[in-house]
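Please look through the structure shown here before reading on. The notes after it are meant for someone meeting it for the first time.

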Amino acid sequence: KIWPDWENEKPVKNFEKGELQWEYEMDADLAESNYRFEFIQFTGKVDTYSKDTLVIDNNIFCLMGNLDSTNYDSIIGKTIVIKGRILGYNRMTKKMRLDYCFIQQ
């Protein structure tokens, strides 16, 4: 599926803090079938960054679409609302990857 306007794509679900990880930990296969390659919105704390990727809640890696990397330092440690497309979940490391991520608030 090709989205012409990534930033304005409506999320299929809004998750509160920790709910996204909980769904994948409870039933990764079901969560994968429900959300893979879909846009979701969630709340989480920014832990660190590397180039164009933010790490949220220690295990969600978000490839950013709209944030200048010079602004990353100002959001470290803050809770943000972010929207992005789920690429996949690694059961062994419990890490999730998203792309086309945008900070909502």
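This is a predicted model: local features need pLDDT of at least 70, side-chain atom pairs count only at pLDDT 80 or more; totals for chains, interfaces and linings use all residues.

Residues are numbered from 1 along each chain as its sequence is written, and side-chain values use heavy atoms, with hydrogens and water left out. Helices (H or I, at least four residues) and strands (E, at least two) are DSSP runs, numbered from the N terminus.

- In soluble globular proteins, nonpolar side chains tend to be buried together.
- Leaving out residues up to four places away in sequence, Phe 42 is in contact (heavy atoms within 4.5 Å) with several residues, including Leu 20, Cys 62 and Leu 98.

**Aromatic pairs**

- Across the whole structure, three aromatic pairs are found, where rings of Phe, Tyr and Trp (its six-membered ring) pair if their centres lie within 6.5 Å, and planes under 30 degrees apart count as stacked, over 60 as edge-to-face and the rest as tilted.
- Phe 15 and Tyr 35 form an edge-to-face pair, because their ring centres are 5.4 Å apart and their planes stand at 80°.
- Since Phe 15 lies in strand S1 (residues 14-15) and Tyr 35 in helix H2, this pair ties together parts that are 20 residues apart in sequence.
- Both Phe 15 and Tyr 35 are buried, where buried means under 20% relative accessible area, exposed over 50% and partly exposed in between (1.4 Å probe, protein chains only).
- Tyr 49 and Tyr 72 make a tilted pair, with 4.8 Å from centre to centre and 55° between the planes.
- Tyr 49 is in strand S2 and Tyr 72 in the loop between S4 and S5, so their pair ties together parts that are 23 residues apart in sequence.
- Tyr 49 is partly exposed at a relative accessible area of 29%, whereas Tyr 72 counts as buried at 1%.

**Helix H1**

- Leu 20, Gln 21, Glu 23 and Tyr 24 are buried in H1, and they lie on the same side of H1 because they cover an arc of only 160° around the axis, taken from the directions from the helix axis to the C-beta atoms.
- The exposed residues Trp 22 and Met 26 are on the face of H1 turned away from its buried side, while the cover over the buried residues includes S1, H2, S2, S4, S5 and S6.

**Single residues**

- Asp 99, in strand S6, is buried at a relative accessible area of 7%.
- Asp 57 and Asn 58 both lie in the loop between S3 and S4, and each has a positive phi without being a glycine, near 50° for Asp 57 and about 65° for Asn 58.
- Asp 57 counts as buried at 18% relative accessibility, whereas Asn 58 is exposed at 55%.
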